[in-house]
Amino acid sequence: MDTKFTDLGLNEGLIDGIKKLGFEQPSPIQAQTIPVALEGNDIIGLSQTGSGKTAAFGLPLLQSLNLQDKAVQAIVICPTRELAMQVCDEIQRLASCLKGFYAVSVYGGAPIDRQIKALKKGVQLVVGTPGRLLDHIKRRTLKLGGVQLCVLDEADRMLDMGFREEMESILDNLPSERQTMFYSATMNKKVNGLIKAFSNNPQTIEVEKKSLTVDSIEQTYYEVRSRSKIEVLSRLLDMETEPKGIVFCNTKQMVEEASEVLSLRGYLADKIHGDITQSNRERVMKRFREGKVEILVATDVAARGLDIEEVGIVFNYDLPYDPEDYVHRIGRTGRAGKSGKSITFIYGRDIHNLEAIERYTNQPIKRMKIPSQEEVEGKKADSVLNKVRDKLESKDFANYEHYFDRLLDVGHTASDISSVLFDLLGNQENREMQTITEDSEPYSAERKRFSSRDSSFKSRRNGRRRGRRFESKNSDDRDPIHVPHKHKRKRKSSKVRKDIGKPNRSKRSKAN
């Protein structure tokens, strides 16, 4: 018999909020955790990203609050500011039918004055990162004397990031009589030591899965040289009908290079990595959710914690160093039962690391052939054809039969007229994409000037290097058009000589 949310002991307000969000059945971690948490027990929840653990601790947390009291009664500690914002937003959505509930997320990189103002107004829940939570505790703007429940979300991640001292300081400031929940993707010695020190007979709830990645994600890989990744990525994006996705890179420099080249090629791309300020991150994420940005190029900072929904495809532009990072990356797609795609670029010795990922996830990753330019153009033509067919079947279009008859009368054939119309339709889509790209970003004019200013230099540089293309003997592994990485132009030294007016030592030594 399938478990329902009404069977878990939740109150009517939370059930109404769950129905409002469209959830019907709890996930395994939710079904096992919520009844135990409602009894007041400490919990160790072991579950992977995307399994619904936010609702697993969020629903019992909400039911334990006294909404008549505006003192802080619960805190959730998260490793990143993105995850803190996501958890706070999701809990607020779950509490949409509860009156008098207030929550705030606190994290570094944002003005602390606003957070202090929100805390002074009174909130029952505070979600934050370890550093900023400890900062508020030291400032006495966050009082933990009334906290009855504490949640550590992704405890293993916080320990890996070096937050152990901050976490211990926060837990030491909490009342001894409290409920503590630890949620982690893995259990190691560090996590186990923290749990033993700050919990009371916790119950371990582990959701076993045959594979760490969901079956709804189609996982493939391409053997691509580094210099050809952009070209292959462009071809694969052109073959997607709705190319909303994330491109993961291992370094900030690669993110900068890939996002710039994609933008210059006409894609709606933007970037996010550790050096991007919080305000710019929020701007980029807002544009990505609104559809103004289709391709998000990011480091692993986006693999965990970002509130990203309906991502159709994930590219591992660089193969991640850790198999666990691979799981978190592709976990951005294929959520809530929807299908998704994962494409990984490898070359040379990367095949051994890919095999390690297959063993870790217990799922095969299929090798694919790089599509040719003809196949890409054929896919585009099929897209146009499908649009025309759908329009014909819907019967929702104006009648231009008289124009067609006039062209027939002057001697044109029906096939020639259709070919011209299809050609015009394809060109119109390309022009619309270019217009959207130029208008989509506030700094598009600067990019355009930059592109035109350096076009002559780039054409000369690319012309010199175009002769160094590589073609494998095997046609299946043939490298596509070579697209070189961006290199900074070396400038001649402009240092001023400091020995002007002084005798030349070399000549003086010869004279002596």
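Close-up 1. Glu82 has a relative accessibility of 6%, so it counts as buried (under 20% relative accessible area; over 50% would be exposed and in between partly exposed, with a 1.4 Å probe and protein chains only). This is a predicted model, where local features need pLDDT of at least 70 and side-chain atom pairs count only at pLDDT 80 or more, while totals for chains, interfaces and linings use all residues. Residues are numbered from 1 along each chain as its sequence is written, and side-chain values use heavy atoms, leaving out hydrogens and water.

**Close-up 2. Glu82 and its two arginines.** Arg281 and Glu82 pair up in a salt bridge at 2.0 Å, N to O (that is, a side-chain nitrogen of Lys or Arg within 4 Å of a carboxyl oxygen of Asp or Glu). This pair ties together distant parts of the chain, with Arg281 in helix α12 (residues 278-290) and Glu82 in helix α4 (residues 81-94), 199 residues apart. Helices here are DSSP runs of H or I, at least four residues long, numbered from the N terminus. Arg281 is buried too, at a relative accessible area of 6%. Glu82 also meets Arg81 in a salt bridge, this one at 3.8 Å, N to O, and both of those residues are buried. Put together, Arg81, Glu82 and Arg281 form a salt-bridge network. Across the whole structure, the search turns up 14 salt bridges.

**Close-up 3. Helix α2 against helix α3.** Packed helix pairs are described by the angle and the distance between their axes. For α2 (residues 28-38) and α3 (residues 53-64), the axes come within 9 Å and cross at roughly 25°; the axes are lines fitted to C-alpha atoms over the stretch in contact, and angles run from 0 to 180 degrees between N-to-C directions. That makes α2 and α3 roughly parallel (angles under 35 degrees). The contact (heavy atoms within 4.5 Å) involves Ile29, Gln30, Thr33, Ile34, Ala37 and Leu38 from α2, plus Lys53, Ala55, Ala56, Leu59, Pro60 and Gln63 from α3. By type, the contact residues split into eight nonpolar, three polar and one charged.

Note on methods: Helices (H or I, at least four residues) and strands (E, at least two) are DSSP runs, numbered from the N terminus. Angles under 35 degrees count as roughly parallel, over 145 as roughly antiparallel, 65 to 115 as roughly perpendicular and the rest as oblique. Ala, Val, Leu, Ile, Met, Phe, Trp, Tyr, Cys and Pro count as nonpolar, Asp, Glu, Lys and Arg as charged, and the others, Gly among them, as polar.
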